[in-house]
Amino acid sequence: MTFDFSTNGQPLSVVAADACGVAAHRERVSRPGHDERDRPVEETTVEQTPDGAFRRQRNAFTVRFGSGPGQAPVQAGRYHILGALGCGWNRRQRIVIRLLGLWDAFTPEIVYGRDENGWKLTHTPGGVADLFGYERLNDFYRATTDHFSGRGTSPTVVDLSTGKVVTNNYHILSNDLETAWAPFHKEGAPDLYPQELRQEIDLLNQQIFDDVNNGTYKVNFATSQGAATAAYTIFKARLADYDFRLASRRYLFGDRITDSDVRLFQTLESFESTYRPGFVRTFNTDEIIHIWDYPNLFAYGRDLFQTPGFIDDEELYALGFTPDENGNYRAATWEENDGPTPQTVKDEHKALYERWLEPADRTHLSGSPLYSGPGGGGSFELWQFGAYDGFYRD
């Protein structure tokens, strides 16, 4: 399998590990109360709490798409979204773009190989690197504001008409694609963010992010064993909760795919090859859960995996499911691939991919969108994009 991953004529090294947080430059953490092992620099120095827990940096740019004051106008072809193939926050947008038929209107580009200078851009015809003469994603951040500090993140939306960053707020970008960009949706596109479920979807998405999506990083980027153990305990409990929820529902909200399914899937599809190896290293044991330990959840994941739009050939390769033209696979998240893939590893990758292709047998399920939480007690009524902000103030 061959992909056009090149920059300046050189092949890219698109390791899933470099996706949303594992910096190429690392340090050995040796502070009192913190375990000593190699950790990515920014995530375990800047993005830490005093007790050794990972606290992700906030997004620097949060402009919404729409026709209102201060919003970015919805114009097909005006924006490119730059992100890493191994990055779940970016894959989330790619899935939504594919499901809604927005690929030509809101074009994705690949970034790769983050180091102390940030993400590297790919040089492709019509791409942002050649259009603006930049080599790094951070160049767009610096062109947008003189006050930028931190690191450019995957994904980032760039305005081709100005060369400036519009947003890197992956939390709500997919919601804008599902609503503001509706005039460009393909015929028959699913309604991933139905009006009557939006408040409950918002609450569930918050839970999925905190405990599952970002929960994996809370384990692997913790600098204290206590913080890692707490995050892992919550992660397992949440998977058990969703496993029960999906026993009688084909999707999280019954018989329809929603934005929440996209967000949960982004972690399920990559857990075994991307995050679990880090868990093993964090706890120094292979007695770490597998996705298939939760049968309903894994069947649900396979159902989505086999649904057109949820994964493409580039992502299959980047996540280590399929080999390149030489039969070699991408390395697991926490290891660099510096040579031919051993046959034992090839067999493991092939077996993992085959497990994802096993029949899911979930078409008979429909189920109710009603569930015990979050928001099941009516608290979703308070979640209306800040509508209640200041409500209890004088």
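I take helices (H or I, at least four residues) and strands (E, at least two) as DSSP runs, numbered from the N terminus. With that settled, I place Ser270 in the loop between helix H9 (259–268) and helix H10 (271–283).

**Ground rules.** I am working on a predicted model, where local features need pLDDT of at least 70 and side-chain atom pairs count only at pLDDT 80 or more, while totals for chains, interfaces and linings use all residues. Residues are numbered from 1 along each chain as its sequence is written, and side-chain values use heavy atoms, with hydrogens and water left out.

**Overall.** I find 13 helices and nine strands in the protein. Of its 394 residues, 55% count as buried (under 20% relative accessible area; exposed is over 50%, partly exposed in between; 1.4 Å probe, protein chains only). I note an accessible surface of about 17,100 Å², 49% of it belonging to carbon and sulfur atoms (Shrake-Rupley method, 1.4 Å probe; for residues, only the protein chains shown count as cover).

**Ser270.** Is Ser270 buried or exposed? Ser270 counts as buried because its relative accessibility is 1%. Leaving aside neighbours within four places in sequence, I list its contacts (heavy atoms within 4.5 Å) as Arg91, Tyr275 and Leu319.

**H2 and H9.** Arg91 also turns up in the packing of H2 on H9: I find it among the H2 residues, with Trp89, Ile95 and Leu99, that meet H9 residues including Val262 and Phe265. Helix H2 (residues 88–100) and H9 pack at an angle of about 140 degrees, with axes 9 Å apart. Axes here are lines fitted to C-alpha atoms, for helices over the stretch in contact, and angles run from 0 to 180 degrees between N-to-C directions. I therefore log H2 and H9 as oblique to each other; angles under 35 degrees count as roughly parallel, over 145 as roughly antiparallel, 65 to 115 as roughly perpendicular and the rest as oblique.

**Strand S8.** I next looked at S8 (residues 156–159), which is covered on both faces. Thr156 and Val158 are buried on one side, Val157 and Asp159 on the other. In a regular strand the side chains alternate between the two faces of the sheet.

Which strands pair with S8? Strand S5 (residues 79–83) runs antiparallel to S8 and is joined to it by four bridges; strand S9 (residues 164–167), also antiparallel, is joined to S8 by three. Pairing requires at least two bridges found by DSSP. I see His80 opposite Val158, and Val157 opposite Thr167 in S9. S8 and S9 form a hairpin with four residues between them, and Gly163 in the turn has a positive phi of about 75 degrees.
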